[in-house]
Structures are given as C-alpha cells and as structure tokens.
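This note is for a colleague who is opening the structure for the first time. The points go from the whole chain to single residues.

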Amino acid sequence: MKVLANDGISQAGKIALEKGGFEVITTKVAQEQIANYINQNNIDVLLVRSATKVRKDIVDACPSLKIIGRGGVGMDNIDVEYARSKGLHVINTPASSSESVAELVFAHLFSGVRFLQDSNRNMPLEGDTNFENLKKAYANGIELRGKNLGIIGFGRIGQAVAKMAIGLGMNVLAFDKFVPEATISLDFFDGQKVDFTIKTISFEEVLEKSDFITLHVPAQNGYVIDRAEIELMKPNCGIINCARGGVINEVALVEALENNTLSFAGLDVFEHEPSPEIQILMHPKISLTPHIGAATLEAQDRIGTELAEQIIHLLKRN
C-alpha cells in the first residue's frame, strides 16, 4: 500500500509507516496535479497539513484513496463530510501539536509586552548609534504575572495555553460554548501535581475583563473579533491569533492598534495567506510568524507517529 505525504511527514512517522508495510512517498505534488498523481501511482492514503486542499473533485477523481489524513487539528482544507460519505476515512491528530501552539502563543505574548518585535527591527539599524533612545523607547514593558488572559476556544490547545498561563501566575478567563468547565493539571519536575478547575464564562465577559486575549477556534463563516468586539475590550488589551486566519478582522485590528485601543497583536495566521497584507507585515505593534504553530520537531514527530498508528490500525488490522 502507498502513502503520499504531500506536505511532508516526520522521519519518525515515515519509519513507523514503513515498518507497518507501507511505501511512503514524500514527493511534493502541485495542487492541480494531485488527482492525476494519485491515480497514476495507485495511492491508498493521502496525508496533508495546511497547504494541500482535498476537495470534492479529488475525492471523486481518486477511487484508490482509502484514507485522507491531516497532520494537525483543523480540517478546513478537507471536505470531511463529503469524503466520509464516499466511504473514505478522514483522520487528524488533534492532541499532537497543542503544547507547541501554546508555547508560540506565549512567545507572541512576551514579544508584545516587551516590544521585542519592534526592538529586533531597530537594534540592528540603530543599536550602535541610538542605544540610549532605544532603551527609553522600550523601557515601559509590563509583566504577564497577575494579568487576566482571555482564552476564546477552550479545547485541547486552549487548555494547554491555560496550563502555561497558570504556571506564570496569570488569571485564566475562558469562553467555549461547548465546554462548561475543564480540569487543568500542572505536573512538576519533582513529581508533584496540582489540579485547577476552570469554569468557562460568557464571550462578552472574557472580552471585557481580559488584559490579553488569545483565540483557539476553528475557521468561521465570519469574524470572531470585529470592531464591536474590540470596543468591548479593555484599553490597551493585546490579542494573539495562532488559530486560523480570518477569525479577526485585520482592518479593524490595524485601526485599533493605530488609535491605541489595542496595545499589540501577535499573529501566526492571516486573513490572506500566503500573502498577508503589507499593513500587517510592516506594523511595529504586530509580532509575526508564518503559520508555524505546530512546527516544532517534537510536535511533528508526534503527528507523524500518531498518523502512522491510525493508518496501520485502519488498513492493516481490519
């Protein structure tokens, strides 16, 4: 049986699949050529991340396909229900990248409260000639400890963010219409463990009380954060989006940063990927990464091996 990992797969995942008797192909096939390649090579399993789209046309055109796998959480680049209605298995790895995404959230938070995104631009240009003025410009940072972190979307990733926030001494405020409460377990290096129960509250309350807000929701039909939501936020609130592009109105975001309604933003995903707006890319109050939330070596190993286990279970043991 053949597996096409069109957006790549970790070495650990590749080895696990090969041990399970699969041939793993990591050739990157252009979107418009995927159906032809699958048919010409009799591919049984198509694995993707976020780059490759698996729509109805591919499902209909490729009778050899048995499994479509997404390395990660969201599956908005796959026509999931249609594929399943045609008898295909559609799998993903919802737990594998939670810690990596959560750590990136805090990378953006630390960057925002200490102006790192702007100082890292200006220090190479002016650090040797304007050091004292730069020192004054970036001298009014704030601490995360003791602040309210609003988490919109309290699934696996939202809860991983909460765990790190609690460890930093932050107060967690969470909203999720499907999760009334969650137990957050902090495991320490010496074997001790502490559990915290967090009850979710209303969306409006999270907006009104949070010093910082981070989004962990799937792709939506409209904006989760638009002008009306920004107006409810505390003055100088910071906002992070490591979830999906298009859940924040970026025009409204830039306006709020320009008029100092919001203090900073951290974006890993964008409304217009892979060509974010220049106003976003050049803004001194926005910390930027190119959709790398799950892109750690550890997460990719977990993703690869979890996909391999599911594929072997579905095709070899049944």
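1. Overall content. The protein chain has 13 helices and 13 strands; helices (H or I, at least four residues) and strands (E, at least two) are DSSP runs, numbered from the N terminus. The model is predicted: local features need pLDDT of at least 70, side-chain atom pairs count only at pLDDT 80 or more, and totals for chains, interfaces and linings use all residues. Residues are numbered from 1 along each chain as its sequence is written, and side-chain values use heavy atoms, with hydrogens and water left out.

2. Size. A compact globule of 318 residues would have a radius of gyration near 20 Å, and the 22 Å of the protein chain agrees with that. The radius is taken over C-alpha atoms, and the globule rule is 2.2 Å times the number of residues to the power 0.38. Along the principal axes, the C-alpha atoms of the protein chain fill a box of roughly 65 × 45 × 40 Å.

3. Burial and surface. Of the 318 residues of the protein chain, 48% count as buried. Buried means under 20% relative accessible area, exposed over 50%, and partly exposed in between (1.4 Å probe, protein chains only). The accessible surface of the protein chain comes to about 15,700 Å², and 52% of this belongs to carbon and sulfur atoms. These areas come from the Shrake-Rupley method with a 1.4 Å probe; for residues, only the protein chains shown count as cover.

4. Contacts and charges. Among contacts in the protein chain between residues at least 6 apart in sequence, 60% join residues at least 24 apart; contact means heavy atoms within 4.5 Å. The protein chain has 31 positive and 40 negative side chains, and the centres of the two sets lie 5 Å apart. Lys and Arg count as positive and Asp and Glu as negative, while His and the chain ends are not counted. Each charge is placed at NZ of Lys, CZ of Arg, CG of Asp or CD of Glu.

5. Strand S6. Five of the five residues of S6 (residues 148-152) are buried. Asn-148, Gly-150 and Ile-152 point one way from this strand, Leu-149 and Ile-151 point the other way, and all are buried. S6 and S7 run parallel and are joined by five bridges; two strands pair if DSSP finds at least two bridges between them. Ile-151 stands opposite Ala-174 in S7.

6. Strands S8 and S9. In a regular strand the side chains alternate between the two faces of the sheet. S8 runs antiparallel to S9 (residues 193-199), with seven bridges between them. Thr-183 stands opposite Thr-197 in S9. The hairpin of S8 and S9 has five residues between the strands, and Gly-191 there takes a positive phi near 95°.

7. Lys-177. This residue sits in the loop between strand S7 (171-175) and S8. Lys-177 is exposed because its relative accessible area is 68%. Thr-200 is 23 residues from Lys-177 in sequence, and their C-alpha atoms are 8.3 Å apart in space.

8. Backbone exceptions. Most residues other than glycine have a negative phi, and most peptide bonds are trans. Asn-236 has a positive phi near 70° and lies in the loop between helix H10 (227-232) and strand S11 (237-241). With a relative accessible area of 47%, Asn-236 is partly exposed. His-291 also has a positive phi, of about 55°, and lies in the loop between S13 and H13. The peptide bond from Glu-273 to Pro-274 is cis, with omega near 5°; Pro-274 is in the loop between strand S12 (262-267) and helix H12 (278-281).

9. Gly-293. Is this residue buried or exposed? Gly-293 counts as buried, at 5% relative accessibility. Its place is the loop between strand S13 (286-288) and helix H13 (297-316). Not counting residues up to four places away in sequence, Gly-293 touches Ser-100, Val-101, Leu-104 and Asp-268.

10. Ser-263. This residue belongs to strand S12 and is partly exposed, with a relative accessible area of 26%. Leaving aside neighbours within four places in sequence, Ser-263 is in contact with Asn-236, Cys-237, Gly-238, Leu-257 and Lys-285.
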